[in-house]
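I open the notebook and look through one structure, entry by entry. The sequence and the model come first.

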Amino acid sequence: MIDVKELSKTYKGVEVVNIPELSIGKGQSFGLVGNNGAGKTTFFRMILDLIRPTTGYVTSKEVDVRKTEDWKYYTGSFLDESFLIDYLTPDEYFDFVGSLHNYSPGDMKEFLEQFEQLFNGEIIGKKKYIRDLSKGNQKKVGIVAALMGNPEVILLDEPFANLDPTTQIRLKNILKDWKENHQLTMLISSHDLNHVTEVCERIVLMEKGDVKMDVETNESTLKELENYFSDY
Ligand SMILES: Nc1ncnc2c1ncn2[C@@H]1O[C@H](COP(=O)(O)OP(=O)(O)OP(=O)(O)O)[C@@H](O)[C@H]1O
């Protein structure tokens, strides 16, 4: 589904991403971990064609993401708040994103109903601008908007950060459900080793731009990661 070849990014002579080859299959849940500055967000930004690689390329369904817009129709993403339109209310923002996917009011109602628990009564119908929401609630808006249009692929940067424990558990269940029932390909970067190993069937660990570990998640993965980071 997503393939990376000879991908690198260099800033001022420092290589911050260097991934010779990596493939993410359709329906895979792919977890990306690594300390601050490891290159996770830079990697995701290159997948989304938000920054230009220094070398190499990313393909989605075998087409270079820099060469067409086709992948944008089946790819949802939420990397940070800059993906939102913060002078809108969540309702207005969902209507806007929904209009891009030709959602009818009925479609929208049905779609949003799935997230009632996640929203916890704080998002819909509150007449609050997105910029005035808490960081966690902004994140909920961004993640839910990224799921609109039933994407085939979703990229989420730190989806669990800023969420309260109850919401983290709800989000985990939503992500697992979408992977199961919508065959969603998920790319998730996270510092939360517990959550990411629970949600993702594959874990890639980056350090200073390089892939240091690429494993299928099993019962010892969490321990291995904890050991890796504690010995770092
Ligand atoms: N526009 C830029 N100009 C210069 N350096 C940059 C730029 N963007 C990112 N970097 C550097 O690239 C490296 C990788 O950053 P990146 O944000 O991808 O790491 P990360 O793994 O997502 O980190 P974190 O876990 O802190 O979010 C860092 O050293 C960062 O300072």
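**Strands.** I start with a rule: two strands pair if DSSP finds at least two bridges between them. Helices (H or I, at least four residues) and strands (E, at least two) are DSSP runs, numbered from the N terminus. I note that this is a predicted model, where local features need pLDDT of at least 70, side-chain atom pairs count only at pLDDT 80 or more, and totals for chains, interfaces and linings use all residues. Residues are numbered from 1 along each chain as its sequence is written.

I looked up strand 7, residues 153-157. Strand 6 (residues 75-78) runs parallel to strand 7, with four bridges joining them. There, G76 stands opposite I154. Strand 8 (residues 185-189) also pairs with strand 7 in the parallel sense, over five bridges. L155 has L187 in strand 8 as its bridge partner.

Next I checked burial. A residue is buried if 20 or more other C-beta atoms lie within 10 Å of its own, exposed if 12 or fewer, and partly exposed in between, with C-beta atoms placed from the backbone. In strand 7, five of five residues are buried. V153, L155 and D157 point one way, and I154 and L156 point the other way.

**Core.** Which residues have the most contacts inside the largest nonpolar core? They are I47, I154, L187 and I188, in a core of 53 residues. Helix 5 (residues 135-147) gives the most to this core, with six residues. Such a core is a set of buried Ala, Val, Leu, Ile, Met, Phe, Trp, Tyr and Cys residues joined through C-beta atoms within 7 Å. In soluble globular proteins, nonpolar side chains tend to be buried together.

I then listed contacts (C-beta atoms, placed from the backbone, within 7 Å). Not counting residues up to four places away in sequence, I188 touches G31, L32, L156, P159, V196, V199 and C200.

**V141.** I found V141 in helix 5. V141 counts as buried because 26 other C-beta atoms lie within 10 Å. Beyond its neighbours within four places in sequence, V141 contacts L84, P90, Y93, I123 and I130. V141 and F78 are 63 residues apart in sequence, yet 9.5 Å apart in space, C-alpha to C-alpha.

**Y129.** Is Y129 buried or partly exposed? Y129 is partly exposed, because 15 other C-beta atoms lie within 10 Å. Y129 sits in the loop between helix 4 (116-119) and helix 5. Leaving aside neighbours within four places in sequence, Y129 contacts D86, Y87, L88 and T89.

**Backbone angles.** Most residues other than glycine have a negative phi. D49 has a positive phi of about 60°. D49 lies in the loop between helix 1 and strand 4 (55-60). E158 also has a positive phi, near 55°. E158 lies in the loop between strand 7 and helix 6 (165-182).

Terms used. Contact = placed C-beta atoms within 7 Å.
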